[in-house]
Every structure is written in C-alpha cells, then in structure tokens.
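Have your viewer ready and try each task before reading its solution.

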Amino acid sequence: MSNIVIKVGGALIQNPYADSISDDIARLHQAGHNVLLVHGGGPQLDQAIRQENREPHKIAGRRVTSEADLRLAIRVWRGDISTQWIRSLSLKGVMALALTGQDAQLIQAVKRPKTEIRNDRGIVHTVDFGYVGDIKNVNTHVIEALWQAGIVPVVAPLGAGSDGSLLNINADTIATQIAIALCADALVLLSNIDGLLQNPSDPQSRIPHITDRGVQELLRDGTIRTGMRPKVESIVSALRQGVSQVHIANGTKRDTLHRILIKKELVGTNFSMSP
C-alpha cells in the first residue's frame, strides 16, 4: 500500500479526461493504495472573472487575487469543480469527500505579505498578491482518518487563514505540501501538456527525466517560465523534503496514472534528486 497525491489541472474536469482519470484512481483505490486528489480551476476562474468584464491578473505565473476574485474562486472551485470530481469518482464506485483547507482545519495558511518576484525578463517586482495564502500547516490526521474509512479526499485550492477565512493557494503548492506532510510515496501533477519541455513552443521537446539541479538551471536561463515556474519550484521543494517520486504528465491521455504508477513507464517528465 502506498500514499499517492494527484493534482489535476482545471481543464481535466472535461470528459473524456475526468472519466479516464477517475477510472485510474478507482483502480489504484481498489488495489489498496491511499489516494488524495487536489484539483485546480484556473481556466474556469479566468472565465468567471471575464464574465464580470474584468481581466485576470497574474505575475510570473502567479495569480493576484482580489476580494471579488476570491468570491468567484470559492463558488467555482468548491461549488462547481469539486462537485464534478465527486460525481465522476462516484460513478466509478469510489467514495470521495470534497474539502477546502477550512474543513477540519485541513490546510492552515497566512495571507501572503508583499513579496519580491522576478518575472520572465529577470526584472524584480514587489507584488501584493491580495487574498493569496502561504501554507503553514497540513492536518494529516484528517487525511489519514478519511483513508482509514476508505474515502478519497478531493481538495480544492483554498486554505484557511488564522481567522478561518478562505485564501487562494496554488493547487500545485497544495498538492506538494500535502505530499511532503504525508511523506507520500508519489506525487503526480496532471495537466494537458506532455511534461516539461526544453522548448515551450515545441511539444516534441519533452524532457523525460531531470534532476533538481537541472531544474534550477532551466529556471535561471528562462526555459521554465510563466505558470510552469511555480509548478517546478514546488516539485523541487517536494524532492528536497523526501517525496521520492514526482511526475508531470498529460492527463488527457488514457491510463496515464496506471502507466506511471503501476506499469512504471517513463511517461511525461520524471523528477529526482541529483546524486
């Protein structure tokens, strides 16, 4: 039995992708593995913001979240997307429970202070991210109790501030921090791309395997940019804190999780610590 944390990007709630991923999770669950699902919802939140005649605000791939954006995020992520994942998993015979960081104090966070961020051109800005949180604690007892009851936790990318209010937290960061707290055997980040690319404009330039040092080099030379930056920074953090298997893979392709975790195929990009 192993502890597996899976993060799915917002685009993957569409069928047939959600059906395929739920099928993979059901097979892992039925084989006795403990599975936790963290979902994103960036495209859906962007759409909801634009419907209010506003534009999403992002700096170096990180979302700046206004009070109005946060209200939409709670509605879209916890209300719409979590519910869709619960339904998809239920259709595969999996008992699942939707959570935010607020539920049972699962993810305790603090509002992010003004932070210096280096953009893709190397320019440093001081940024107020608004209603964005930094994780301070993950309540693993809640997750372990759900696993013991045979339940798959489904976590929206929202943490709880010290006053109990919700804060936006990057889904990759939540998945990574949960994996670290649980000493997870594997962390898999699924999106609609084939993995880490040497050339972001060339889908054929997938990097099958890379070490934490290799990642740092690609961050420095600008190969890794925009939304991929916080993703790979989270991965390096996970590797350096004991998560042995980390993968980025394409969740739009059938059986991706099964191929990575059961058949041990080199799908997507596999990350490891430098020797």
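**Exercise 1.** Work out in which hand H6 passes H7, and how the two are oriented in this predicted model.

*Solution.* Start with the crossing: H6 goes past H7 in a left-handed sense. Next, take the geometry: helix H6 (residues 212-220) and helix H7 (residues 228-240) have axes 10 Å apart, at an angle of about 155 degrees. Angles over 145 count as roughly antiparallel, and H6 and H7 are therefore roughly antiparallel to each other. Now list the residues in contact: H6 supplies Asp212, Val215, Gln216 and Leu219, while H7 supplies Arg229, Val232, Glu233, Val236, Leu239 and Arg240. Sorted by class, this contact of H6 with H7 holds five nonpolar, one polar and four charged residues.

**Exercise 2.** Find the angle at which the axes of H2 and H3 cross, and classify the pair.

*Solution.* Helix H2 (residues 42-50) and helix H3 (residues 67-90) cross at roughly 130 degrees, and their axes come within 10 Å. That angle makes H2 oblique to H3. The crossing of H2 past H3 is right-handed. On the H2 side, the contact uses Gly42, Gln44, Leu45, Ala48 and Ile49; on the H3 side, the residues include Leu72, Val76, Trp77 and Ile81. The class tally for H2 with H3 is eight nonpolar, two polar and two charged.

**Exercise 3.** Identify which residues lie over the faces of tyrosine 131 and phenylalanine 129.

*Solution.* Over tyrosine 131 lies lysine 111, 5.5 Å from the ring centre. Over phenylalanine 129 lies arginine 112, at 4.9 Å from the ring centre.

Key:
Residues numbered from 1 in each chain as written. Predicted model: local features only at pLDDT ≥ 70, side-chain atom pairs only at ≥ 80, totals over all residues. Heavy atoms only, no water. Axes fitted to C-alpha atoms, helices over the stretch in contact; angles between N-to-C directions. Helix = DSSP H or I, 4+ residues; strand = E, 2+ residues; numbered from the N terminus. Parallel < 35°, antiparallel > 145°, perpendicular 65-115°, else oblique. Left-handed = near helix turned anticlockwise from the far one by under 90°. Contact = heavy atoms within 4.5 Å. Nonpolar A, V, L, I, M, F, W, Y, C, P; charged D, E, K, R; others polar. Lys NZ or Arg CZ within 6 Å of the ring centre and 35° of its normal.
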